[in-house]
Number of protein chains: 2
Amino acid sequence: MSAAQPPLTPEHPAVREHPPAAAAAREAPGSPDGAATRAKGRPRSAAADLAILDATRETLAELGWGGLTMGHVATRAKVAKTTLYRRWPSKNELVVDAVASLFDELVMPDLGSLRADIEAVVVQFADLLARPETQAALLALFAEGTRDPQLRRRIREAIVDPQKHLVRQGRAAAQARGELAPDGDPTAACEEIDIIFDTIAGTVEHRVLVSGEPITADWTRRFTSLLLGPFPSPPAA
Amino acid sequence: MSAAQPPLTPEHPAVREHPPAAAAAREAPGSPDGAATRAKGRPRSAAADLAILDATRETLAELGWGGLTMGHVATRAKVAKTTLYRRWPSKNELVVDAVASLFDELVMPDLGSLRADIEAVVVQFADLLARPETQAALLALFAEGTRDPQLRRRIREAIVDPQKHLVRQGRAAAQARGELAPDGDPTAACEEIDIIFDTIAGTVEHRVLVSGEPITADWTRRFTSLLLGPFPSPPAA
DNA sequence: CTGCTTTCGCTACGAGCCGTAGCGTAACTG
DNA sequence: CAGTTACGCTACGGCTCGTAGCGAAAGCAG
């Protein structure tokens, strides 16, 4: 359950082999070459992978989660349905891979103040959530994840957790500037990061996807003020 | 689009008539009796309504959103599938009604301090989100709502918006205690309430349903501190 | 070039669910 | 009593799922 579980998902190497733009560092400890060229037979078409993931995002944007059909994606990607099932065991996993790369565009800008940095990230995230592919996929994936711990784990590894890096970066920058006190207890700092992350992600998602109201500059300012709490916009002692 | 739209959903009076324990105040301006007894013909079985909603919640808890089938619910409620469709046009609307009542148990306790009140509500909400019915339904409904504005509106009216009352109550209590300054601009106060609500709801949902980690007393304390910001646990200044 | 291996495209299939139609019956009103 | 509406039941076409079987294509080893 904790290691690389090579016997699991035996017929779906794509799940572990094709992170089109996401996670890195993935080597099988038995292969001496490092790149793990398993050679034999006809190689999988990388073009097909891209076509499938593109078709998934496009269909997601046009027809939403409910309209996304394996057959539909296959047709659009000009690929046989069986080819799709050879790489992804189900719609859920396919969409995780298709959507994960969209989140890679989020970056921590380092604009010189913690407030500006937070506001910038919030705006970026809001823009991402405004895209129809993201909107159609994210909550549906989260919903599926509540019933399938394995899927939830994949979602967290591919989509959610990588973004916690942003919080860490922002914190570090603010600490370097002296806006934040340096970390004391490392585990306490971790919990703090988790709280900040859940708060930003959850709040913006709720605002955009549930309340259905836009993220305006004014809202961003107010929310950031709420987050910063004791540190108002002009850094008073 | 903005009024009561009587011509819409013409064959599904249950959608407008049977809020089993939710919203109130619903009168057709043409009926003189107030209770709007439309008399003629065989009346709908109220027992069937309850049986269907119970069966929906039970199935939701056992099989999750994906396992919830109209035929399944009908069988479990000992009701014909057609009876189900006579009252709810689709699974989505059915689940809204089935789940909405669960949220009525949330109450604002007024424990004597804003901090205690917030923590109590957070714990209540976390307990609600821990229930399998809620867990299976909430995010799935939100996801469907992103594609169907009408559904999103229903979700907000039946599930989300009623809970904003809690924030208003807590604010009022805190203002009565002098913990919070009285409202100035009423529209600004409204936006403030929206932000607080989205923050609490979104964050707890994200923590429980996405990150999948429990809401401990320690977490609640930390999160509340983040929310309170300039007002630490002992009311200084 | 000749095998060997793996992928690919295609077709077909049983299963399950959807939402509706049709019918005869039950319940309630005047 | 007649009139009206709800109910249970059955059956249906349409769609999606996920799998199986086939022949052909694309690489690699000798």
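Select Ala100(B) to begin: this residue is buried, because 23 other C-beta atoms lie within 10 Å. A residue counts as buried if 20 or more other C-beta atoms lie within 10 Å of its own, as exposed if 12 or fewer do, and as partly exposed in between, with C-beta atoms placed from the backbone. The model is predicted, and local features need pLDDT of at least 70, side-chain atom pairs count only at pLDDT 80 or more, and totals for chains, interfaces and linings use all residues. Residues are numbered from 1 along each chain as its sequence is written, while chains are lettered from A and ligands numbered from 1 in the order in which they are written.

**Helix H5 of chain B**

Ala100(B) belongs to helix H5 of chain B. Helices (H or I, at least four residues) and strands (E, at least two) are DSSP runs, numbered from the N terminus. Select residues 91-100 of chain B to display this helix, in which eight of the 10 residues are buried. Among the buried residues are Glu93(B) and Asp97(B), together with Leu94(B), Val95(B) and Val96(B).

**Chain A as a whole**

Now select chain A, which has 10 helices and zero strands. Of its 237 residues, 31% are buried. Contacts between residues at least 6 apart in sequence may be considered next: in chain A, 68% of them join residues at least 24 apart. Two residues are in contact if their C-beta atoms, placed from the backbone, lie within 7 Å.

The average for chain A is 85, and 80% of the residues score at least 70. Which elements of chain A have the lowest and the highest mean pLDDT? Helix H1 (residues 13-17) has the lowest, at 44, and helix H6 (residues 114-130) has the highest, at 98. Over residues 1-11 of chain A the pLDDT is below 50, and this stretch has three contacts in the model beyond near neighbours in sequence. At residues 233-237 of chain A the pLDDT also stays under 50, and the model has two contacts there beyond four places in sequence.

**Met70(A)**

Select Met70(A), found in helix H3 of chain A. Met70(A) is partly exposed, because 15 other C-beta atoms lie within 10 Å. Leaving aside residues up to four places away in sequence, Met70(A) touches Lys81(A), Leu84(A) and Lys91(A).

**Where the two chains meet**

Display chains A and B together. Here 32 residues of chain B are in contact with 32 residues of chain A. Which helix gives the largest share of the side of chain B that touches chain A? That share, 13 residues, comes from H9(B). By class, this side of chain B has 14 nonpolar, 11 polar and seven charged residues. In this classification Ala, Val, Leu, Ile, Met, Phe, Trp, Tyr, Cys and Pro are nonpolar, Asp, Glu, Lys and Arg are charged, and the others, Gly among them, are polar.

Chain B can be laid on chain A with an RMSD of 0.1 Å by a turn of 180° and a shift of 0.0 Å along the axis. The two copies are therefore related as by a two-fold rotation axis. The same surface serves both copies, and 100% of the contact residues of chain B recur in chain A. The superposition is by least squares on the C-alpha atoms of residues with pLDDT of at least 70 in both copies.

Next, select Leu139(A). Not counting residues up to four places away in sequence, Leu139(A) touches Leu209(A) as well as Leu139(B), Phe142(B), Ala143(B) and Thr146(B).

**The DNA strands**

Finally, select DNA strand C, which has 24 residues around it; Gly41(A), Arg42(A), Ala80(A), Thr83(A) and Arg42(B) come nearest. A residue is near a strand if its C-beta atom, placed from the backbone, lies within 6 Å of it. The surface near DNA strand C consists of seven nonpolar, nine polar and eight charged residues.

Move to DNA strand D, which 23 residues surround, the closest being Arg42(A), Gly41(B), Arg42(B), Ala80(B) and Thr83(B). Helices H3 (70-76) and H4 of chain A, together with H4 of chain B, each supply at least two residues of the surface near DNA strand D.

Conventions. pLDDT is the predictor's confidence in each residue, from 0 to 100.
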